[in-house]
Amino acid sequence: MRLSNPTLIRKKKMLALAFLAGAGIFSLHAQTPYASGPTNQYLLNQPVDISEDFTNFTNTYFVADSLGTFDPSTGKGVLNYKRHVYQTRQAFNNMLAFLQPAGGNEFPEAEYEANPNMPFSIQFVSPKSFRIRMASSTIEKADEPSLMLVDGFAPEDKSSWKYAKLEDGYQYQSEFGKLIIREHPWRLEIYNVDGKLLTQTMNRKDNDETYTPLMPFSYVRRSSDYSRSFSASFRLSPREKIFGCGESFKALDKRGQKVILWTDDANGTQNETMYKPIPFFMSSRGYGMFMHTSSPITCDFGKYYNAETNLLVGDESLDLFVFLGDPKDILDEYTNLTGKPSMPPLWSFGLWMSRITYFSEADGRRVAKELRENKIPSDVIHFDTGWFETDWRCNYEFSPSRFDDPVDMIADLKDEGFRTCLWQLPYFTPKNTLFNEIIDKGLYVKNAKGNLPYEDATLDFSNPETVKWYQGKIAGLLKQGVSVIKVDFGEAAPASGIYASGKTGFYEHNLYPLRYNKAVADITKEVTGDAIIWARSTWAGSQRYPLHWGGDAANTNVAMEGTLHAGLSMGLSGFSFWSHDIGGFVLQTPKELYRRWTPFGMLTSHSRTHGAPPKEPWEYGKEFQDEFRKSVDLKYELMPYILEQAKECTEKGLPMMRALFVEYPNDPGAWLVDDQYLFGRDILVAPLFEEVAPREVYLPGGEWIDYQSRKTYSAGWHTIAPGEIPIVMLVRKGAVIPHIKLAQSTKFMDWSELELKVFGKTGENTTTEIYLPNDSERKNVQLVWDGQKYTVKNNPYRDTNFKVTVIE
């Protein structure tokens with residue numbers, strides 16, 4: 001029956017809205033921080049945004065007010081918190097909500113503190129870093145080893161910070177900065193070595209300066225379950241920029257963004273969710289922060305109010321590390337705490353040839369044969385989701401119908417200079433032959449009812465028995481000759497699950513990728529000697545287990561740009577090594593996009609072609625194949641440079657793909673560029689994101705020499721055309737870039753003779769660092785200018801000769 005009565009239609013709409021509101025599916029929020037309109041319907045594994053808890057009128061808010069007791073010798077004391085609730089105020093038909101002081105609402109009244117005193121402490125970790133710890137309960141959790149910290153616990157360094165009493169507080173100072181604790185109102189002030197205020201905590205009095213309702217440093221107590229979460233609020237300054245938080249595909253500068261740190265299958269590289277969230281960021285003002293927790297976190301970097309950072313931490317205690325210095329100092333300090341990466345093996349820096357998917361031994365042998373026949377250097381053949389009998393149904397066994405002798409195949413490929421990589425995942429469908437065994441042995445994550453949370457069984461890596469069982473399966477493959485395992489997925493650990501650790505998914509969900517990464521890296525190191533994986537998901541500390549790739553990019557220009565943002569952001573989050581699917585993943589890559597994406601992929605620490613077929617260059621015709629080969633040849637000839645830069649990254653926590661300001665922190669322009677990067681110290685790369693050339697390029701510092709045209713450019717903006725290889729690539733004038741003779745695999749490289757290319761005749765003596773495969777350290781090679789040429793002085797390598805060439 002067709003309804004045409006307008007009144008009846010309106011009534012039905014109103015009834016429908018009333019039903020939805022009653023069901024909790026639709027509601028309207030008052031104008032409070034972070035409110036954004038109707039509540040979403042929640043889907044399985046949807047990122048947890050805890051900012052909603054800080055806008056709830058039924059919750060109670062405890063605002064950090066004043067320092068009670070404090071012992072400056074131990075750095076321990078108590079903070080007094082004032083109880084607040086939201087109240088509304090209407091003015092000229094506009095409704096706002098503010099936090100207002102409130103009395104206790106518990107009964108009996110005398111049994112509970114309306115304005116409680118809670119533990120607070122400062123711990124000094126190094127001359128450049130300190131730790132802020134706060135609790136929302138007088139019953140503090142005992143310290144336990146943290147998987148996120150490289151040694152399980154943070155070090156202490158009391159001697160580097162000198163204490164002085166102030167009239168209204170306490171001061172600690174090192175040679176790199178200063179921390180002041182104000183008593184009333186309580187405030188932390190963080191200064192650099194020159195006395196410049198970098199940031200400070202926000203308190204209740206800061207609301208006096210604005211009509212906008214602010215969230216001061218506080219914790220919330222939920223009326224629904226009495227659980228608590230912290231809001232660590234800090235002041236933002238004019239022109240301040242924020243970077244990090246993991247593999248973010250959005251704008252590199254996080255100022256003005258709300259970032260939810262919850263591991264998620266992002267399903268691409270163009271949205272705000274992340275495969276690899278990391279609870280760490282750095283500021284352009286010279287400080288960084290690490291939120292030491294695996295609970296859900298929402299970071300508001302001036303999105304709601306442009307002068308305030310709110311770190312909304314789901315944990316009932318706050319554990320916040322602060323680092324001081326330039327970007328290099330901050331990355332070094334952060335990775336000293338959470339771990340430096342191990343050095344990947346030489347072969348891993350070569351080309352990984354892959355698609356979705358090679359299904360058989362014949363496929364693998366054919367691709368290897370054609371790579372060699374077409375003289376395209378390559379070091380890895382990857383078998384994705386189809387190497388077992390049923391596509392996607394991982395049981396750690398090669399398909400007997402399609403692999404006649406996988407051990408023989410792997411050995412033959414290795415003789416030809418190819419390593420073998422295999423895909424797998426930690427989820428097991430009911431039809432998987434291992435499903436019943438996993439259930440019978442209790443190796444899976446359970447729900448609150450003791451059952452499966454999902455249709456699949458998800459391995460519980462917090463259970464030592466699960467890790468032992470799982471590593472046994474992986475070890476079986478490695479002992480067959482497999483060199484590396486693709487550690488796919490890991491972002492969907494049940495949020496409501498009950499884990500063998502005794503914790504729920506509230507804490508284990510984000511920690512799951514770190515446990516997963518570690519399990520595979522450890523057994524790979526034990527069996528093969530190489531601590532290497534190929535992983536998609538991470539958490540803080542995962543950088544110890546290289547390497548990681550950027551997920552399922554679309555085959556578009558914008559996805560390519562988002563991929564670069566992701567790699568730069570990852571590098572600013574403590575990760576040295578990172579890769580991506582060259583050409584994109586989802587569909588067959590358009591030829592012109594693949595042509596431009598290939599050199600970008602080669603000028604990344606690790607390089608893999610992967611995604612919907614075809615990915616093999618000969619499938620795109622001879623002209624394309626020739627262009628593809630030139631990009632791959634370029635990387636293989638640069639292998640000595642790449643290897644030495646990689647070694648330095650493992651020592652200093654630096655990224656191979658780095659934002660310009662990492663090397664040039666005093667160049668204001670370097671902080672603004674997010675579509676080009678430095679590949680190591682000395683090579684600047686500007687990919688072509690469209691079929692448009694030349695492109696605008698910003699050059700920091702001194703002079704730069706185009707790697708292809710040899711033209712010299714001064715610092716600043718330039719319009720530069722790509723060369724024969726479709727990318728803009730420049731070298732810092734005066735840099736020495738070691739090259740090696742081209743080989744079809746790193747296995748066949750001849751390290752007995754290297755060419756040292758000096759870019760720009762400066763007429764001065766110079767040096768370069770060299771790191772040879774399997775060496776223990778980088779060694780310094782001195783070049784002496786005699787007025788006409790360079791000669792090597794005191795060669796530290798007895799078995800390696802150096803030819804010196806000057807590029808002008």
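Colleague: What should I know before I start?

Modeller: The model is predicted, so local features need pLDDT of at least 70 and side-chain atom pairs count only at pLDDT 80 or more, while totals for chains, interfaces and linings use all residues. Residues are numbered from 1 along each chain as its sequence is written, and side-chain values use heavy atoms, with hydrogens and water left out.

Colleague: Which residues touch the most other members of the largest nonpolar core?

Modeller: Phe120, Met134, Ile181, Trp186, Phe290, Leu311 and Tyr470 do, in a core of 223 residues. A nonpolar core is a set of buried Ala, Val, Leu, Ile, Met, Phe, Trp, Tyr and Cys residues joined through side-chain atoms within 4.5 Å. Buried means under 20% relative accessible area, exposed over 50%, partly exposed in between (1.4 Å probe, protein chains only).

Colleague: Which helix gives the largest share of this core?

Modeller: Helix α7, residues 505-528, with eight residues. Helices (H or I, at least four residues) and strands (E, at least two) are DSSP runs, numbered from the N terminus.

Colleague: What is phenylalanine 290 in contact with?

Modeller: Leaving aside neighbours within four places in sequence, its contacts include Met148, Leu149, Tyr334 and Ala540. Contact means heavy atoms within 4.5 Å.

Colleague: New topic. Is threonine 466 buried or exposed?

Modeller: Buried, with a relative accessible area of 0%. Threonine 466 sits in helix α6, residues 464-479. Not counting residues up to four places away in sequence, threonine 466 touches Leu443, Leu459, Asp460 and Phe461.

Colleague: On to strands. How many bridges join β1 to β2?

Modeller: Eight, and the two strands run antiparallel. β1 is residues 60-71 and β2 is residues 76-91. Two strands pair if DSSP finds at least two bridges between them. Serine 66 stands opposite asparagine 80 in β2.

Colleague: What about the hairpin of β1 and β2?

Modeller: Four residues lie between the strands, and glycine 75 takes a positive phi near 75°.

Colleague: And which residue is the bridge partner of glycine 77 in β4?

Modeller: Phenylalanine 120. Five bridges join β2 to β4, residues 117-126, and they run antiparallel.

Colleague: Last one: which residues of α3 are buried?

Modeller: Glu361, Asp363, Gly364, Val367, Ala368, Leu371 and Arg372. Their cover includes β20 (351-353), β21 (380-383) and α4 (406-415). After α3 comes lysine 375, with a positive phi near 55°.
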